[in-house]
Amino acid sequence: MSNVKFMSGENVPLEMHKVRMVQKVNLLPVEERLKCIEDAGFNTFLLNNRDIFMDMLTDSGVNAMSQEQYAAMMQADDSYAGSETFYRLEAVLKDIFGMEYFLPAHQGRACENIISQSLVKPGQVVVMNYHFTTSKAHITVNGGSVEEIIRDEGFKINSNDPFKGDIDIDKLKESIKRNGKENIAFVRVEAGTNLIGGQPVSMDNLREVSEICRNEGILLVYDGSLLGDNLYFIKIRDPKYRDIEIKRITREIAALTDVFYFSARKLGSARGGGILTSNKELYLKMRELITLYEGFLTYGGMSVREMEALAVGLEETMDFDVISQTPIMVEALCNELIASGVPVVTPPGGLGCHVDAMQFCSHIPQAQYPAGALTAALFIASGVRCMERGTLSEQRNEDGTERFADMELARIAFPRRVFTLSQVKYTADRLTWLYKNRELIGGLEFVDEPKMLRFFFGRLKAIGDWPQRLAEKFREDFGESL
Ligand code: F0G
C-alpha cells in the first residue's frame, strides 16, 4: 500500500492490488443487529458471519490471498511422509530466516503448546514484553507463570513512542536477579505486541535483550505471528533501517533469537504455524511432541495446500507493498477517529485500530466490562464485528476475584487486503456516531462464564435496557438508512 498525495494535499491510502474475487456481505437493519447480538450473549465471537457486515474480529486466517498463493495450492503434494510441499516450505523458511530446523504445527497456539511443554517446568517463570491469551494459557497449564516487563510507555494509551512493545531492560535485569536465571524458563518477545494495541519492538531493544539472554544462558523465544507489521514499523520508524532490505532485517531478527515461532494465520496470510530453531537438542525434543500432537513431521497438522500458500505468502511478506497494507489502513481509520475526538491507541499499531473503552465508556465500571460493552454497541450501530481485548479476555484469579486488564480495548482488526477505504470510512462514521451517543452504552454481566479462555464462549446480558435505547436512537438519527 502507498500513501499517495492528492491535489488537496491530503495523503490517501492507495491499494497496490486489485480485487479479483469477492464475497457478498449483508448489512442488516439495526433492529435485527440488536436481536443478533442479544442471541449471541453480547459476545461478538458468538455471532454468525451471515449477520455481519464487516468482520473485523481478527486478522487471523481471514486475510486475502494472492493469485500466486492460490496457484501454488494446486501443486501440493499430499504424501503423508516426505511430501515435496514440506521441502519447498522448509527451503523458503531457511532462505528467509536462516535457521536450521523447521517444525510445522497446525497453528500458533499449537507451537505454544510444544514450546511450553518442552521448556516450562512447574514453578518457573516466563519473562516477556507482554502476554498473548493463548501463550499465557499454555505456560500456566504447564505449571509456569508469566511476568511482564514491557516499558511503562507501553501502557500509555497516547504516546509518541515509536516502539511501545519494547522490553524494559532494567526490569529484565532485575527480574533475572530476583528470580535467578535457573528459574526463568525463557524470555519471550512478541512482535507487534497484540494486546497493547499492536505495538512494535525495536531492533535495538531486541539486540539488547538477546545479548543479556546469551550472557545469562537464558533462551530467547520470539513470537513472530505479527512480524509483518513489526517489519513495516522498523522500516518506517527506525532511520537506521530505512534502506535495509526487509529480508535482511528478518534474518537479523531470527539470528538474535533461539526459537522463532509464528501463527501462519497471520504471518504469510495462510493457515497453519511453525517453529524454527538452530538448536539441535531443542529441535529433537520438540520434534517428538510434534508427532504426538500435530501429525507427521512433514505436515504437522497443516493441510499441504495451506503449506504451499504459506511458502508463497512468506515470500510476499518481504514485499513492502504487502506488509504496509494493514498498518496504513489502521492509521487511516485512527486518523479519522482522532479528528472526531474518539479515543484510540497512538501511535497507530499494526493488526487493527484499538479504541480505548476506558475513556469511551468512562461511565461504565471495569467490573461491567466496558470494552465488551463497546464491541456489542458497535455491532448494533454498524454491523461491524470487532473484538474485546480487556478484562473479559483475562482469566479470574485463583480466589475467583476478577483480574482487571491493564487496558480496556475494542480491537477493530484489519484482515489483510480485504476491506476498501469506503468501508473504513463507514466504520469511522458509525463509531463517531456511537461516541457522540456514548452515554447510552451500559455495562454487561455474565450469564454463563467458562473457566478457561472465557471470552470465546462466555454469554453475557446487558445491565438495563441500553441496547434497545441505542437502537432506537440510531433509527431516530439515521431514518431509513441501514
Ligand atoms: N501469538 C500471537 C501474538 C497471536 O496474535 C496469536 C493469535 C497467537 C499467538 C496464536 O495463534 O491463533 O494461530 O493459534 N491471535 C489471533 C488474534 C487469535 O485474533 O489476535 P493461533
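Predicted model: local features only at pLDDT ≥ 70, side-chain atom pairs only at ≥ 80, totals over all residues.
**Exercise 1. Decide how many of the residues of strand 7 are buried, and what follows for the strand.**

Solution. Step 1. Apply the cut-off: a residue is buried if 20 or more other C-beta atoms lie within 10 Å of its own.
Step 1. In strand 7, 7 of the 7 residues are buried, so the strand is largely enclosed by the rest of the structure.

**Exercise 2. Work out where the buried residues of helix 5 lie around its axis, and which elements they pack against.**

Solution. Step 1. List the buried residues of helix 5 (residues 133-141): Ser135, Lys136, His138 and Ile139.
Step 1. Look down the axis. These residues fall within an arc of 165°, so they line one face of helix 5.
Step 2. Name the packing partners. The buried residues pack against helix 4 (108-119), strand 5 (125-128), strand 6 (145-148), strand 7 (184-190) and strand 8 (220-223).

**Exercise 3. Give the strand order and the pairing sense of the open sheet formed by 3 strands.**

Solution. Step 1. The order is 11-14-13, and the pairing is antiparallel.
Step 1. Strand 11 (352-356) and strand 13 (387-389) are the edge strands; each pairs on one side only.
Step 2. Neighbouring strands of this sheet are turned by 30° against each other on average, direction ignored.
Step 3. Zoom in on one pair. Strand 11 and strand 14 (residues 409-413) are antiparallel over 5 bridges.
Step 4. Asp356 stands opposite Leu409 in strand 14.

**Exercise 4. Describe the packing of helix 12 and helix 15: angle, axis distance and handedness.**

Solution. Step 1. Helix 12 (residues 320-339) and helix 15 (residues 421-436) pack at about 35°, and their axes are 9 Å apart.
Step 1. The crossing is right-handed.
Step 2. Identify the contact. Helix 12 contributes Met329, Ala332, Leu333, Glu336 and Leu337.
Step 3. Helix 15 contributes Leu421, Val424, Lys425, Thr427, Ala428, Leu431 and Thr432.

Key: Residues numbered from 1 in each chain as written. Pairing = 2+ DSSP bridges. Helix = DSSP H or I, 4+ residues; strand = E, 2+ residues; numbered from the N terminus. Axes fitted to C-alpha atoms, helices over the stretch in contact; angles between N-to-C directions. Buried ≥ 20, exposed ≤ 12 C-beta atoms within 10 Å, placed from the backbone. Arc of directions from axis to C-beta. Contact = placed C-beta atoms within 7 Å. Left-handed = near helix turned anticlockwise from the far one by under 90°.
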